[in-house]
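Morning. I will go through one model, with the chain itself and then the relation between the copies.

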Number of protein chains: 2
Amino acid sequence: MSGGHVLALCGGVGGAKLAAGLAAILPPDQLTIIVNTGDDFEHVGLSISPDIDTVLYTLSGLNDEKRGWGLADETWQALAMLGRLGEPDWFKLGDRDLATHIARTHRLRSGESLSAVTASLARALGIAPAIAPMTDDPVRTEIETADGRVLPFQTYFVAEQCKPVARAIRYAGAQTAKPSPAFLHALQRADLGAVIICPSNPYLSVDPLLALPGVREKLIALRVPRVAVSPIVAGRAIKGPLAKLMAELGVGADVVAIARHYRSLIDCLVIDHADASDAPNIAAEGVRAVPAPAIMRTHADRVALARAALAAASG
Amino acid sequence: MSGGHVLALCGGVGGAKLAAGLAAILPPDQLTIIVNTGDDFEHVGLSISPDIDTVLYTLSGLNDEKRGWGLADETWQALAMLGRLGEPDWFKLGDRDLATHIARTHRLRSGESLSAVTASLARALGIAPAIAPMTDDPVRTEIETADGRVLPFQTYFVAEQCKPVARAIRYAGAQTAKPSPAFLHALQRADLGAVIICPSNPYLSVDPLLALPGVREKLIALRVPRVAVSPIVAGRAIKGPLAKLMAELGVGADVVAIARHYRSLIDCLVIDHADASDAPNIAAEGVRAVPAPAIMRTHADRVALARAALAAASG
């Protein structure tokens, strides 16, 4: 890439970290972050967008680093009272976090799009780059389980803690959802310099974006470098149920499987040095492997990995 | 009265205290508490019923005695975050209190009536007597000010701290609102033994109930003792803007004016011993004055005043 605009596609925690690294490097007007909304759901009447919130909190520095999700200095008073009042309390709504859901729900009900709401929340939190949902239409990721159930994402992920065996993942509503204006604009801009697929869960966090009409085709047709950063390091997911899920879906939990998953969509896959020996197998998928330190523990790690991803795009 | 059912009409703080006193004395199935909803409003998309909440919190013992409103052990994390996100923060939403508003809003939007929601919240909080809104339809108390504005109740009461000079009070929607099923049932039940108008602000908290179609007529026609407890003691409101408001509306802030206000609706007015010398002037309004300790600081005070009101009804 040569100073062009960067389109980052991401889900929650891992993706948000790389997005924060990109935001720390790039001029704000050179970065668009498009976020998965397949995890969105309605809960006690509130419109919750977990991945957007994670990106907002991470990029504003308000996130809780230790817990790994949600806001720092969080308290849980409302949740305890909700339980007392007979409302479900399996989804951990923090008091500070609730404000985001209340504001979002109020603005959506007032007729604002999720794109507009997300932009105004980002602005209020002092975030400079563009953050937008993948779509303003409802898309709901569902997990088909081995015992024949179809679980809404949050039921699978939070209530059942990813314990059910997955057989397939589907993205209800994706076929008719329209990519958000910011997503379409980024895909079409003449100064687009690179696409970065952040190290989010391919099945749960990135595929919903790719399932939107035209997105996969547009990414394939792009004449700019497209780089994915592997969410798998040394055969293990950096976070979450990815390795378990890949096994259940019949693909090996390794960087080669990640390369194969994205093969038509990416030119490069940034992998951890620990997986450098897999570079030939990744090359066999038509993807160039770029080793880098892929585990992000500190802000410096995020910045370094963002630099590596951008370097891979320009290499 | 002789063990019959007691119908208590009340607004927020003072009324809730007497209602708690009544609840401590009477068998649960002998008490119906009908609560003002003229103060209800929508705020950041939440359906808030301040007087119902005060009654719920007071009768469940969860209220904050020191602050005088809201819940004990309250925190304000969501409110601070709402302000940061650009939402209004003039109405003090506590984190625990928010749970009530979230649960209520969710259930109302799911199609439950305010009566059903109130009953289920009361049950969840372990409150035995029936608590019901005055109506399931929207009624909104508005204050016409001397400077020609019409202020929604919470704008007048909280945002402008009752500072504007009031010229008139109106209850938008009251003419077409239907009294709640519990209210109508209590007014019509054969075993009704007494009506107690709690020491709430007559203009802001009790008149909205009386403005509902048929309520005033039914109260006038009742053949059971009807007792009001004065919210004015020694020329001062026990709490809130009542004395200021009465002056602005051109009525003296004293127990005689309270008797005059309710004269066609009540047989007795319980007044504080401090106002005992006004008994003849109250009698001149056709109302029997019953002196009692009318200031409720402790639970024992509430119980004693509830006993005095019930004694007045049976005397």
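**Chain A and its copy**

Let me start with contacts in chain A: of those between residues at least 6 apart in sequence, 69% join residues at least 24 apart, where contact means heavy atoms within 4.5 Å.

This is a predicted model, in which local features need pLDDT of at least 70 and side-chain atom pairs count only at pLDDT 80 or more, while totals for chains, interfaces and linings use all residues. Residues are numbered from 1 along each chain as its sequence is written, chains are lettered from A and ligands numbered from 1 in the order in which they are written, and side-chain values use heavy atoms, leaving out hydrogens and water.

Chain A has 13 helices and 14 strands; these are DSSP runs, H or I of at least four residues for helices and E of at least two for strands, numbered from the N terminus. The radius of gyration of chain A is 19 Å, close to the 20 Å that the globule rule gives for 315 residues, so chain A is as compact as a globular protein of that length. That radius is taken over C-alpha atoms, and the rule is 2.2 Å times the number of residues to the power 0.38.

Of the 315 residues in chain A, 57% are buried, meaning under 20% relative accessible area (1.4 Å probe, protein chains only).

Now the copies. Chain B superposes on chain A by a rotation of 180 degrees with 0.0 Å of shift along its axis, RMSD 0.0 Å, fitted by least squares on the C-alpha atoms of residues with pLDDT of at least 70 in both. That is the relation of a two-fold axis.

Terms used. Buried < 20%, exposed > 50% of the residue type's maximum accessible area, 1.4 Å probe, protein only.
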